[in-house]
Amino acid sequence: MPRAKSDSQSRERLHISLIAVPEVTISSLTGLYDVFNVFALLGTFDPAVPRETPFAVEIVAPERGTLVTSSGLPITAHRGVHEVRRTHIIIVPSLLVENGDWKRGRYPEIVAWMKQQNMRGAMLCSACSGVLLIAETSLLDGLDATMHWAYARTFQSNFPKVNLRLEEVLIATGVHEEFVMSGASASWHDLVLYLIARQVGPAAAQAIARFMLLQWHRDGQAPYVPFAPPIDHGDEIVRGLQEWLSKNYSIVNPVEELVRRSGMPERTIKRRFTHATGLPPIRYVQHLRIEEAKRRLERTSTPVDVISFDVGYEDAASFRRLFRRLTNVTPGEYRRKFRLPTFASPASNSEARS
């Protein structure tokens, strides 16, 4: 497994293979390519960054040549996978999957090549939904993984042996941490900075982050992940109760009312509800309440204590503790993170035009 060497040692240029297939999004592919190639320029401005580029980066596809990406723009692959005998780091950028439904077996030659390269010591990395392709190697079975939450259902149905942790923005796992995955969309920033810090050094990663305005998403993905409970589970009674809760989550004792409306014994309906939705009724209600609180924090200036009461919590302190537990940030931090900046607000734009 390649590791960063001391400055006094000569560095082997690490070969990076960026995978290009028609589903790839060009922004993550070219973004990664640009950052790994910025060393020669930035090395003249910051001594923390080596002037000699430590990476040799190639775009690799099933076959050498031009292909059209999911963004509609063409990209040229330097080589086909069968031409690459040895690489150190393989990265699958974000993939745009039609209807959000991943079909296995699209690229068997890439999957076989990734397994072969991993056996020779190569790291396998992904940004966003790129982990869908890596998971086909079966090398992630029994391990943790993260990705964009929009593809969680198709991932879990295709790869049930992988432990999906959507709250994490970056996961490095395996005996030698040879599998590295980042979460949704712009979390490729975290991936590229992690790889530079690991292979070149923390100071270089910090310098590049500052120069290119790249961000570490230190709060993880939890603040971003919306609550999207399953409704296609086939239990019509539970589905009806879910619809009722979606409008009545803020009432006092909603779970007791849910049990009463079901007409079933309490233990029976709670077990049935949990089986269908994956959450006990009380936790389900908590998620509904916090999701509404998130919406109000984003779009209104209503005080936190008022929002707490409106979504069903008389004790604002309890609300704040629950909010932080589910999102990894406080209500105030969430509001600052997601509200539009003043210069982007409609009122500011109207003033600017007048």
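Student: Which strands does α1 lie across, and how does α1 run relative to β1?
Tutor: α1 lies across β1 (14-19), β2 and β6 (89-92), running at about 165° to β1. Here angles run from 0 to 180 degrees between N-to-C directions, with axes fitted to C-alpha atoms, for helices over the stretch in contact. Helices (H or I, at least four residues) and strands (E, at least two) are DSSP runs, numbered from the N terminus. This is a predicted model: local features need pLDDT of at least 70 and side-chain atom pairs 80 or more, while totals for chains, interfaces and linings use all residues. Residues are numbered from 1 along each chain as its sequence is written, and side-chain values use heavy atoms, without hydrogens and water.

Student: What makes β5 and β10 edge strands?
Tutor: β5 (79-80) and β10 (170-173) each pair on one side only. The open sheet has the order β5-β2-β1-β6-β7-β11-β10, with mixed pairing.

Student: How do you know that β2 and β5 pair?
Tutor: Two strands pair if DSSP finds at least two bridges between them. Two bridges join β2 to β5, which run parallel, so they pair.

Student: Why is D46 called buried?
Tutor: Buried means under 20% relative accessible area, exposed over 50%, partly exposed in between (1.4 Å probe, protein chains only). D46 has 14%, so the residue is buried. D46 is found in the loop between α2 and β2 (55-61).

Student: What joins the side chains of D46 and R210?
Tutor: A polar contact of 2.9 Å does. The cut-off is 3.5 Å for a pair of N or O atoms; within protein, one must be able to donate a hydrogen and the other to accept it, and residues adjacent in sequence count only if both atoms are side-chain atoms.

Terms used
Contact means heavy atoms within 4.5 Å.
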